[in-house]
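Please open the structure in your viewer and keep the selection panel at hand. The tour goes from stop to stop, saying what to select and what is there.

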Amino acid sequence: MEWLCFTKLLDGRIIEMSIKSDSNKLLSFGVRIIAFSVFPMIWFLSQAILFREITNRIPRALLIFLAITIGSSFIFFLYAGMNKIISYAPKSYQEGLYGAMFVGPAIFLLGLFLFYPAIRTIYLSFRDKWGENSVGLDNYVWAFSDKIMQITIRNQFIWLVGVVTLAIMIGLIVAYVSDKLQKGEAVFKSIIFLPMAISGVGSSAIFKFIYAYRPPPLTQIGFLNGLRVTGGNDDMGNPCKNNIIENGRKIDYVNDGCTQPIGWLQQRDLTKFTSFENVTPDDSFFSWLVNFPLNTILLMIIMVWMYTGFAMIVFSAAIKAVPTEITEAGRIDGASEARIFLSVIMPYVKSTIVVVATYLTVTVLKAYDIVFVTTRGDFETNLLAVKMMDEFSKFLHFGRASTVSILIFISVVPIIVLNVFRNKEDEAL
Amino acid sequence: MRKSLIGLLLILSMVAVACGNSLEGQEVIYFGAPATDGPDGQAIQSSFDQFTEDTGIIVTYVGSENFESELLAQIEAGNPPNIALWPQPGTVRAQAEAGNLIPLEDLGVDLEEYRSNFSPYLVGLGEVDGVPYGGAHAVNLKSIVWYQPAEFDSRGYAIPDTWDEMIALADQIVAEGMTPFCFGMYSNGATGWLATDWMEDIMLRTGNGTTSYDQWVNHEIPFNDPIVKNAATYLSQIMHTDGYVVGGSDAIVSTFFGDAQNPMFERDGNGNPGCFMHRQASFIPGFWPEDAKEGLGTETTFFPFPDMEVPSDTVLGAGDMWAVLVNDEATQAVVDFMLSENYFDAIASDVAGTGSTRISAHIGFDTSKYWSPTTQKQADFLKAALAANVFRFDGSDNMPPEVGSGSFWSEMTELAVQGPGYIDTALDTIEKSWP
C-alpha cells in the first residue's frame, strides 16, 4: 500500500515534470519564432520602409548621414533585441538559443545570397531567352549540340586535364629537387612562387606580350615572334633581322625567304609550321596532330605558370614531413633515387596531391581572367565561365547563360563528393 | 529630445526642397559605354557644361566598359539611369520591346520635327511598331578608304573611282613588289566585325543597292541568297588574292584592327610603305600612333569607297543612340537639348581638348564647326547622305545578336582563314543560325 502510494506520487511528479517541460518547450519555441523571424523581420522592414520613404525627400548629405548612423547601428540593435527576447526563454534552453542567435544570420545570409540564386539559376536554365516561358530541355540540348559550345566543353576538358596534371607534376618535381638543394632553397622556391603573387589579369597581360603579333614590316615586339623573324637569310642571301639598324641601314624580315611572324593566339592547328605544311588526310597520325589546338595550350601555359608555385609550396611541406629514417632505410637497401621518390615519398604525399588537385580543378573550372584578357574566347579558345558571360551580356540569353553555369556547377559536384568520401576515409583511419 | 530634433531636421529639409526651383539642382544620370575619362566620355560631358549653367540641371555622364551588363543589372534592380547611350540601336529596340524605355512622344518630343532633323531612316532604327524610343546621337562614316597622297603621287597612282580600278591598282602594286591593302580584323571577343563592314559596303553597291541591302538586314532575303554570295566573292577577292594583304591572308585574323593601319606609316628597308590602302571607319585615327595622328588630313587622308555594280551616293556608317528610362521634368529638358541643333557645339569644337572626332547626326548641324578639316569632310558626306536618305546603318548591328555579333562575325573570321572555297558553308551556317 505504501509502495503503491509512492509510485502514485512518483507518477504525479513525472506528469507534473512533463507538463512543465512541455510548457518550457512551447515557451522556447515561441521565443525562437519571435527572436529569429518576427523581430528581425519587423526590424529590417521598418528600416527598409523608412529609407525608401525618405530617399527622395531629404537632401543627399543628410541622407548619407542617416544611412551611416542608422545603418551601422542596425546590427547592434538587431543583436541587442534578439538577446533581450532570448532572455525570456527558460534557462535550460538559453545556451542553445544564444548559439543559434550567432549562427542564424550567417545561415540566413548564406541562404539568401547563395542558395536562392542557385535554385533560381536552375529554374532559369529551363526557360527561354528572357526567362518568360518554359522551354524544357532545349537549352541543354543546345549546350551539347552547338558547335561553339562543343568546342568550349572540349577546351574546358583540355584545361582540366592539362593544367591540373602539369601544375602538379612540375610542382612535385620542383619541390623534390629543391628539397635536395644544399643552399639557396628559399631563394629558388621564392622565384618559382613569384607568379602566384601576380594577378591573373597581370599574368595574362605579360603573356599577351610574349605571344604578340604585329603586321609586317613593323618591329615585332612579341618575344616569340621576335625570335622567329631573327636569324636566317632571305632568298637573296641577306640576313633577316627584326628591323635592326646596322650601319645606318634597316635590316628587316619582309623579303621572301625570311620566316614570317605568326599570330600565336590565333593558331588553332599546326599548319603554319613547316613540318606540318604538307600533311595529307591519309597520314592519320600527323593529320590528328596537325589539329593540335596550339592557342588553347598556349593560354593553358599561363595558368600552369601561375599555379606551379602554389603546388610546389604545398608539396614541399608534405615532402619535408616524410621521416628521414624511411628514406635512409630505402637508400641503405640500395634503392635508386627515382625508386625512393615513387615508392617512399609518393605514398606519403598522396593525400596532399588530392587536395592540390581538388583546388586546381575548381580553379580551372572558374578560370575566366586569362581567356577574357587574351582572346576573349575567339579562335576556339573559349572556356565555360567566359561563355556564360557571353551568353548573358552579349547574346542576352538568360536561359543559356544559366545552363552554362549549371554545367560548371555539375562539373564541381564529383570533386566535392570525392572529397567528402576521402575525408570519411581519413577519419576511419 | 533627440527624436524631436531629427524630426525637425526632416521637416526643415522637406520644406527646403519644396521651396526651391523645380529643376535647379536636379540630377540626371547619363550612362554609356565610352569611358568617363576617355576622350569621348569627356567630350560628352563637356557638351552639357553650357546647359547646366543655363538651367541648373546637373547632367552626370557615367561610362563603363561593361555598360551592357551593368545596365541590365541596374534595370533588373529597378534602379536605372535616366538616360542610357547604346552603341547599337538594335539593343534600344530590344529594350523597348522589353518595356524598359519611355517613348519619345511621352517626353514631349515633336516627332515630325525630329524625323526631318535626323532623317526618317535614322529615326526608324530606334522605333518599335512605329513608335520612336531612341534618340539619334552621333554617327560615323565607314565607306572610306585611308591612303597617303604623297605615296600615291610619287608613284603616279590615281585614286580609284570604281572597284575595277581599285583591283587594277592593287595588281599594279603587287607587280611592283609591294602590298596594296592593310587588313586586320582581330578584335578581342568581336573578331570579324571588320569583314562584316566590308560585306555591308559591298552589299550597298551591288545587287539592288539599298533595296537589297535593307532586305538582307531584315532577313527578307536569305543570308545565302545569290546577291549576298556575290558580295562575299568580291570580299574574298581582296582577302585571298595572293599578295593583296599585309602578311598574307592568314595574317588578317591575327592582326589587331587598331594596329592594322600601322604598316602604312612604316617604311621597309627599301623605303616603301607596308601598304597603300586601308578601308576603315572614320574613328580609326584614334588608334594611330601619335606621329601618324599629326598627319591626319595632310599626310594620311581618305577617298570614298569606290563604286561597284550600282553607282550611287550611299554611305555606310554606324552610330550610337540614347533612350530614356526614367521620365521626369529634368530629363525632358535634357532630351529637348540633346535633340537641338546646338547640342553638338562643344563636342565639334573640341572644348574638352580630347580630340574627339564624333559627328552629329543632326542634318541641320553646321559642319564648319568641327575642329578638324578631316571631320568636316566626313560630316559633309554624312550630312548629304542623311538628307538624301541614302545613309545606311551598319547592318550587323541591326541583325539579331545571335547573328550580328555571333555567327556573322565568327563565320567571316572562318572565311578569312579558310579561303574562297568556304563562302557557301559560311553563308549557309549564318542562315541556319538566324533565330
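The stops below begin with the contact between chains and end with single residues.

This is a predicted model, in which local features need pLDDT of at least 70 and side-chain atom pairs count only at pLDDT 80 or more, whereas totals for chains, interfaces and linings use all residues. Residues are numbered from 1 along each chain as its sequence is written, while chains are lettered from A and ligands numbered from 1 in the order in which they are written.

Begin by selecting chains A and B together: 33 residues of chain B are in contact with 29 residues of chain A, contact meaning that the C-beta atoms of two residues, placed from the backbone, lie within 7 Å. On the chain B side, the elements that give two or more residues are α1 (2-19), α4 (67-76), α13 (262-265) and α19 (401-418), and α1(B) gives the most, with 5 residues. Helices (H or I, at least four residues) and strands (E, at least two) are DSSP runs numbered from the N terminus.

Next, colour chain B by its domains, whose bounds come from an automatic or database domain assignment: domain 1 covers 24-141 + 318-393, and domain 2 covers 144-313 + 399-433. The C-alpha centres of these two domains of chain B lie 29 Å apart, and their contact takes 13 residues from domain 1 and 15 residues from domain 2. On the domain 1 side of that contact, β6 (134-141) and α17 (373-387) of chain B each supply at least two residues, with the largest share, 5 residues, coming from α17(B).

Staying in chain B, select the open sheet of 3 strands with the order β8-β7-β9 and antiparallel pairing, where two strands pair if DSSP finds at least two bridges between them. Its edge strands are β8 (278-279) and β9 (301-304), each pairing on one side only. Strand β7 (residues 144-147) is joined to β9(B) by 4 bridges, and B:Tyr147 has B:Thr301 as its bridge partner in β9(B).

Now select B:Asp129, in the loop between β4 (127-128) and β5 (131-132) of chain B, which has a positive phi of about 50° although it is not a glycine.

Finally, move to chain A and select A:Arg376, in the loop between α13 (369-374) and α14 (384-394), where phi is positive at about 55° although the residue is not a glycine.
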